[in-house]
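My notes follow the order in which I looked.

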Amino acid sequence: MIPGNRMLMVILLCQVLLGGTSHASLIPETGKKKVAEIQGQAGGRRSAQSHELLRDFETTLLQMFGLRKRPQPSKEVVVPAYMRDLYRLQSAEEEDEFQEINLEYPERPTSRANTVRSFHHEEYLENIPGTAENAGIRFYFNLSSIPENEVISSAELRLYREQIEHGPAWEEGFHRINIYEVMKTLTANGQMITRLLDTRLIHHNVTRWESFDVSPAIMRWTQVKGINHGLAVEVIHLNQTKTYQGKHVRISRSLLPQDNADWSQMRPLLIAFSHDGRGHALTRRSKRSPKPQRARKKNKNCRRHSLYVDFSDVGWNDWIVAPPGYQAFYCHGDCPFPLADHLNSTNHAIVQTLVNSVNSSIPKACCVPTELSAISMLYLDEYDKVVLKNYQEMVVEGCGCR
């Protein structure tokens, strides 16, 4: 992975080559004069070499994000509310917004993952034989977009169910949801071989999402390269009349009114938690107070400067769902002799600065990032799949002379 400060330089160079005042948010004040000079020398025209450099820079950035090519999302792509809420909890956006999120942060799954991927099933493959009382639905999820270097740590199938208004008496208002892995498709006698993955007895009086553990099946399909025949869902209604059967568990579009517009957000959702072996796992962050900035009117010493990366400036806001940009910061300034304690210097930097004071052929120590932190990004990959990923070394937290 490209270190965070090199990544920021790549973005900065991209903006220098792109030119135009609309890209100023990516360029620090100290660099705007130089950008103007470059643009003036180029006469405002982009050479073939500039376009080639831009392509190389974009390729490098996409590789850092683990993408083979720039995503071109279709207009029909739906970002599940679960993924948006998980991003907001993960990235510690405005704390007052947490009150609106009816979601318990999945501490255990995220503790072993730095990536979360969501999948919708292929609806044309969903019907399987069943009885009139207990119709079966098969969910086939195409998982081919999961990179081979990612190891699945856990997976869950999320099903939405609604409360039954004026339903049966309490003691009669139960139903059971069974989740199976399809081991073999239909045999000659019309049977299907399955194995039970998870089951739950549920009462009809609550509207909420139910999560079922399907980790064994997803791990077998992705890591052992087992054949993916999909999952089967069975809803067994206990002591209920046919009036209530099947309509409150959102497992199929066919069970809903034809004009129902909520299906895109209420349809079954497969969530896969994985790790690509790079960086730290996802951790729910608490909102941090901004670090106090001391007034330094004429201080040219090494310190952190503002550098806001706006993804719309590089034309990536069509596939990056959140954040729209982030404060990356950068380090700049002198490392004078003698080095002060607040410059966070190493012993080597102190010695180098001391030698420089008597021998100018030896360069001064450099102002560089000494502490970097991660950001979370919610985006659409090149297969139109929604991904939440933790990227390391993206934000400068501290600068020093090294």
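Among contacts in the protein chain between residues at least 6 apart in sequence, what percentage joins residues at least 24 apart? I read off 73%. Contact here means heavy atoms within 4.5 Å.

Ground rules next. This is a predicted model, where local features need pLDDT of at least 70, side-chain atom pairs count only at pLDDT 80 or more, and totals for chains, interfaces and linings use all residues. Residues are numbered from 1 along each chain as its sequence is written, and side-chain values use heavy atoms, with hydrogens and water left out.

**Overall layout.** I found 8 helices and 16 strands in the protein chain. These are DSSP runs numbered from the N terminus: helices are H or I with at least four residues, strands are E with at least two. Of the 402 residues, 46% are buried. Buried means under 20% relative accessible area, exposed over 50%, and partly exposed in between (1.4 Å probe, protein chains only). I noted an accessible surface of about 21700 Å², with 51% of that area on carbon and sulfur atoms. The areas come from the Shrake-Rupley method with a 1.4 Å probe; for residues, only the protein chains shown count as cover.

**Backbone.** I checked peptide bonds and phi angles. Most residues other than glycine have a negative phi, and most peptide bonds are trans. Alanine 322 and proline 323 are joined by a cis bond, with omega about 0°. Proline 323 sits in the loop between β12 (320-322) and β13 (325-327). The bond from phenylalanine 337 to proline 338 is also cis, with omega near -5°. I placed proline 338 in the loop between β14 (330-332) and α8 (347-358).

Then I looked at positive phi. Lysine 225 has phi near 60°. Its loop runs between α6 (215-222) and β7 (231-238). Lysine 225 is exposed, at 55% relative accessibility. Aspartate 384 has a positive phi of about 65°. That residue lies in the loop between β15 (367-380) and β16 (386-401). Aspartate 384 is partly exposed, with a relative accessible area of 26%.

**Histidine 275.** Is histidine 275 buried or exposed? I recorded it as buried, because its relative accessible area is 18%. Histidine 275 belongs to strand β9 (residues 269-275). Its side chain reaches the backbone nitrogen of glycine 277 at 2.8 Å. Leaving out residues up to four places away in sequence, I listed what histidine 275 touches, including Arg112, Asn149, Glu150 and His280.

Conventions
Polar contact = N/O pair within 3.5 Å; in protein donor to acceptor, adjacent residues only side chain to side chain.
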